Amino acid sequence: MDSSAPRGSWPLGKVLKVFPDKRGLVRSVKLQTKTNIIVLQLTIKPWPRTVLWGAGSTPCWRIMIVLEEKNLQGYNQKLLSFEKGEHKSKEVMDMNPRGQLPSFKHKNYVLNDSYAACMYLESQFSQGKKLIPDCPAEQALMYQRMFECLDFHQKMAIVIYYNWMVPEAERHDSAVKRNREDLSAEIKLWEGYLQKASGSFVAGKNFSLADVVFFPSVAYLYRFGFCEERYPNLAAYYNSLKDRPSIKASWPPTWLENPQGQDLLKDL
Amino acid sequence: MAKDMTLLWGSGSPPCWRVMIALEEKNLQGYNQKLLSFEKMEHKSQQVLDINARGQLPSFQHGDVIVNESYAACFYLESQFKSEGNKLIPDSPAEQALMYQRMFEGLSFYEKLNAVLYYDWYVPEGERHDSALKRNREALSAELKLWEGYLQKLGPTSHLAGTCFSLADVTVFPTVATLFRFGLPAERYPILAEYYALLKERPSIKASWPPHWLENPKGQDSLQDI
């Protein structure tokens with residue numbers, strides 16, 4: 001039919017069935033019209049939001065959790081491969097001269113740092129879940145834990161990615177040992193924080209930006225074989241959050257394909 | 001309000017300086033403060049450990065609330081005292097996005113500076129390599145070129161996120177000031193030098209200038225060849 005015809009003249013149809021995608025968003029409907037049964041594909045007008053990301057990357061995961069929490073699903077996204085060096089491709093370099101992922105763009109505004117993107121999204125979008133608490137004490141704790149999490153993540157990265165970050169001629173067993181001890185001490189600190197927390201989230205009773213940045217790093221620990229029994233509060237935190245809808249929806253696809261992770265952190 | 005606040009700090013420490021600039025900008029002068037010495041290991045003293053289990057400075061307390069990470073303290077102060085003093089987070093989405101972006105790039109900038117200046121502090125003797133220090137210096141050099149470029153694109157008399165002073169300047173200026181303190185050649189980075197000259201006259205920055213830099217105006221020259 002002619003799409004420029006006035007709406008009052010459009011033939012009517014009855015929706016027989018909807019076909020949601022794996023996120024529950026309806027993309028197709030089966031319609032019965034006077035003459036026919038047809039299946040229409042609904043195309044969602046692309047949001048002016050683009051994420052370039054790499055699977056299993058905690059910074060990328062953080063942004064995707066926020067997009068889900070703020071009901072901003074439907075963003076344009078492109079999964080790139082670190083192994084193939086795609087993070088240094090022209091497409092990424094145009095958005096991010098550092099050649100790093102994630103690379104996030106909203107309209108003309110580019111945010112290549114995950115914390116920057118998360119805070120910007122929370123500030124610009126009041127829909128969906130509120131991710132920064134109003135109460136001063138909870139807010140202060142949230143900011144504190146968010147930024148401590150940078151330390152946590154770094155200490156974990158230097159253990160997991162030591163050989164990738166340090167050229168062969170500069171590696172030392174003493175450094176590896178010290179990095180593992182530092183990570184162990186850091187984890188004990190967080191176990192203590194979670195034990196003292198007033199609720200089941202890292203900054204208290206509400207899910208917040210602190211969880212957005214902390215959870216992916218925790219998930220990484222377990223992906224690399226970290227032992228659940230040794231730190232029960234951390235394990236309880238991990239198990240309770242991994243089923244949160246925003247987290248399930250953004251779970252690294254490569255982890256779903258290969259549920260078996262590595263065991264680098266088994267003896268930590 | 002300021003009287004309920006306590007800051008434990010060290011002179012010349014960029015993270016401490018960030019919090020002090022924020023406090024000045026929000027008209028919170030009059031906070032309780034104690035200057036401690038890193039050399040005398042006072043950051044590991046009991047009074048610090050009581051507020052900050054990591055034994056690090058700054059350590060900041062507001063009533064019962066403790067916020068030790070400098071960025072966390074800056075965000076907390078801006079949020080709690082939004083209508084006091086100067087606005088530190090712009091309203092316009094474009095400037096806000098740029099502010100967040102530069103603030104967090106600022107963390108990387110600060111780390112690269114430390115990897116050069118404090119290489120021997122961070123790396124035990126048996127693990128040091130000339131190749132690593134060389135690489136750190138090259139990384140800092142590349143980082144500086146990026147920032148020189150960022151400021152150039154914004155034009156003269158600009159702040160890091162646009163026309164207005166913001167949290168991007170609060171968090172990154174101390175790093176820039178440290179670079180020049182340690183001999184960064186102004187001729188090689190003229191736009192960064194202009195930014196430095198412009199901001200060092202700002203009241204909040206003058207008020208919080210590291211005291212030992214005032215006592216010894218001549219800095220060091222570790223960065224003269226960067």
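How many residue pairs are in polar contact between chain B and chain A, counting pairs with both at pLDDT 80 or more? The count is 21. The model is predicted, and the values below are computed from it.

## Interface between chains B and A

On the side of chain B, 37 residues are in contact with 36 residues of chain A. The two chains bury about 2900 Å² between them, and 54% of this area lies on carbon and sulfur atoms. In chain B, the residues that lose the most area to chain A are B:Arg54, B:Phe104 and B:Glu127. Together they make up 22% of what that side buries.

Seven salt bridges are counted between chain B and chain A. B:Arg54, one of the residues that lose the most area, forms a salt bridge with A:Asp151. The closest N and O atoms of B:Arg54 and A:Asp151 are 3.3 Å apart.

## Elements and composition on the chain B side

Four elements of chain B give two or more residues to the side that touches chain A: β4 (65-66), α3 (70-80), α4 (93-117) and α6 (130-154). Helix α4(B) gives the most, with twelve residues.

By residue class, the side of chain B that touches chain A divides into 19 nonpolar, ten polar and eight charged residues.

## Sheet in chain B

Four strands of chain B form an open sheet in the order β2-β1-β3-β4, with mixed pairing. The edge strands are β2 and β4 of chain B, each of which pairs on one side only. Strand β4(B) is also among the elements that give two or more residues to the side touching chain A.

Strand β1 (residues 5-10) of chain B pairs with strand β2 (residues 32-36) of chain B in the parallel sense, over five bridges. Between β1(B) and β2(B) the chain passes through helix α1 (residues 14-25) of chain B, and this β-α-β crossover is right-handed.

## Salt bridges over all chains

Over all chains, the structure holds 21 salt bridges. One of them joins A:Lys70 and A:Glu122, whose closest N and O atoms are 2.8 Å apart. This pair links distant parts of the chain, 52 residues apart. A:Lys70 is in the loop between α1 (58-69) and β5 (76-80) of chain A, while A:Glu122 is in helix α3 (residues 114-124) of chain A.

Key: Residues numbered from 1 in each chain as written. Chains lettered and ligands numbered in written order. Predicted model: local features only at pLDDT ≥ 70, side-chain atom pairs only at ≥ 80, totals over all residues. Heavy atoms only, no water. Pairing = 2+ DSSP bridges. Right-handed = clockwise from strand over helix to strand, strands pointing away. Contact = heavy atoms within 4.5 Å. Buried area = accessible area lost by both parts, 1.4 Å probe. Salt bridge = Lys/Arg side-chain N within 4 Å of Asp/Glu carboxyl O. Polar contact = N/O pair within 3.5 Å; in protein donor to acceptor, adjacent residues only side chain to side chain. Nonpolar A, V, L, I, M, F, W, Y, C, P; charged D, E, K, R; others polar.
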